[in-house]
Amino acid sequence: MGIHHGAILRILRDDGPQSRAELARRTALSPTALTHLTAQLLRDGIVTEFTQIAAGGAPIGRPAVDLALVPDAHHVVGVHIGAGTIHAAITDLKASAKKLSSFHFDTATIEPATVIAKVARMVDDLIRKTGADRSKILGMGLGVPGPVDVKRRRNLLSINYDWKNVAFADELEAALRMPVVVEHNVSAMALAESRYGIGREASALLYIYLRTGLGAGLVVDGKPFRPGGYGAVELGHIQVVEHGARCACGSTGCLETFLSERALSRAAGIEIPHPKRLLAAVEKHTEAWNAAIRHLTTAIASATNLLNPDLIVFGGHLAEAPESFIDAIRAGVPPRVLPPMRDMLRFERSSIGPGAGAIGGAAVALDHLFYSGAPR
């Protein structure tokens with residue numbers, strides 16, 4: 001495979017079946033080169049030919065033959081490590097999950113080696129249960145809590161775990177005998193939403209995810225935004241109150257001191273971990289509810305003025321929030337951003353559904369190990 005194969009595959013992924021003539025035009029390849037490249041993809045079983053039949057019966061003359069992606073030609077593994085949770089999935093080439101698996105653990109006592117061993121067992125179990133052919137699995141995308149190194153091999157820092165410089169890719173490649181790509185977990189979910197969800201037409205998508213903390217990921221023109229090369233957009237650590245409560249990051253008055261599972265559960269009298277329908281419970285507590293809306297509005301307005309997204313997607317607890325919460329954000333943000341952005345800004349709930357974090361990991365693997373045209 002090469003970069004031209006990747007270009008062809010991305011078109012078939014995003015826009016469906018295409019004629020060879022149309023693929024040649026869109027990739028700026030000569031018809032001869034296009035024919036040679038697609039012949040290899042056909043031999044490998046990655047694309048297939050089919051005949052377009054015109055409505056009303058068989059066409060007159062030679063029928064058009066299009067090329068289409070074969071989603072089940074290969075699979076990838078996607079894994080999401082959150083605060084106290086691991087989600088894993090095996091997906092096809094369009095990030096459609098064959099099977100999902102989840103595991104909860106105590107963040108206070110777990111070590112990186114234990115998490116790595118658990119991930120390896122979960123992946124082996126998924127492969128066994130799905131009957132997936134290991135030779136057809138391209139590799140794994142792993143979403144981790146916190147920034148990663150430029151080479152996508154290590155989790156540089158995780159505040160909730162107090163982890164530093166964890167070599168996830170090296171360890172998991174040795175355990176599973178497949179390539180592994182590491183990405184900030186919310187950035188991975190943003191990529192999945194941009195590639196396979198509600199954000200496919202957005203020029204800049206900001207994905208905001210609330211679970212233990214509040215994180216964000218940004219995709220611009222189809223490419224993950226990785227400030228400083230590390231890939232984390234730390235929306236939860238925007239200071240919204242001067243001299244506020246101490247945050248886990250060491251600063252004070254961060255958004256996470258108002259909008260996190262711990263802060264919201266305390267306000268609603270919910271026993272943590274893993275609260276369900278969290279914001280619906282908080283709605284009964286006016287002070288906490290209003291503070292969450294007010295401070296999230298401030299943070300989103302600040303991020304919008306800096307980053308210019310045209311679509312903001314809510315994930316985690318925010319995706320499950322009452323409509324009144326989303327409506328308040330929709331009403332509160334536009335007046336606080338520059339006029340050109342007010343008319344184009346949209347707010348939507350995540351469309352990925354259960355296992356969004358694992359699908360995010362799969363999206364990362366697909367981008368790096370398949371649609372890039374990377375050699376296998």
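In this predicted model, Val144 lies opposite His184 of strand E10. As a reminder, strands of a sheet pair through backbone hydrogen bonds, in either a parallel or an antiparallel sense.

Helix H6, formed by residues 185-196, packs on the sheet that holds this pair. Its contacts reach strand E4 (75-81) as well as E7 and E10, and the direction of H6 makes about 100° with that of E10.

Stepping back to the whole sheet, five strands are arranged in the order E6-E5-E4-E7-E10. The sheet is open and its pairing is mixed. Strand E6 (97-104) and strand E10 (180-184) each have a single partner strand, so they form the edges and one side of each has no neighbour in the sheet. On average, and ignoring direction, neighbouring strands are turned by 15° against each other.

Attention now turns to a pair of helices. Helix H1 (residues 3-15) and helix H2 (residues 20-27) have axes that come within 10 Å and cross at roughly 115°. This angle counts as roughly perpendicular, because that class runs from 65 to 115 degrees. The crossing of H1 and H2 is right-handed. On the H1 side, the contact is made by Ala7, Ile8, Ile11, Leu12 and Asp15, which meet Leu23, Arg26 and Thr27 of H2.

Notes:
Residues are numbered from 1 along each chain as its sequence is written. This is a predicted model: local features need pLDDT of at least 70, side-chain atom pairs count only at pLDDT 80 or more; totals for chains, interfaces and linings use all residues. Side-chain values use heavy atoms; hydrogens and water are left out. Two strands pair if DSSP finds at least two bridges between them. Helices (H or I, at least four residues) and strands (E, at least two) are DSSP runs, numbered from the N terminus. Axes are lines fitted to C-alpha atoms, for helices over the stretch in contact, and angles run from 0 to 180 degrees between N-to-C directions. Contact means heavy atoms within 4.5 Å. Angles under 35 degrees count as roughly parallel, over 145 as roughly antiparallel, 65 to 115 as roughly perpendicular and the rest as oblique. A crossing is left-handed if the near helix is turned anticlockwise from the far one by less than a right angle, and right-handed if clockwise.
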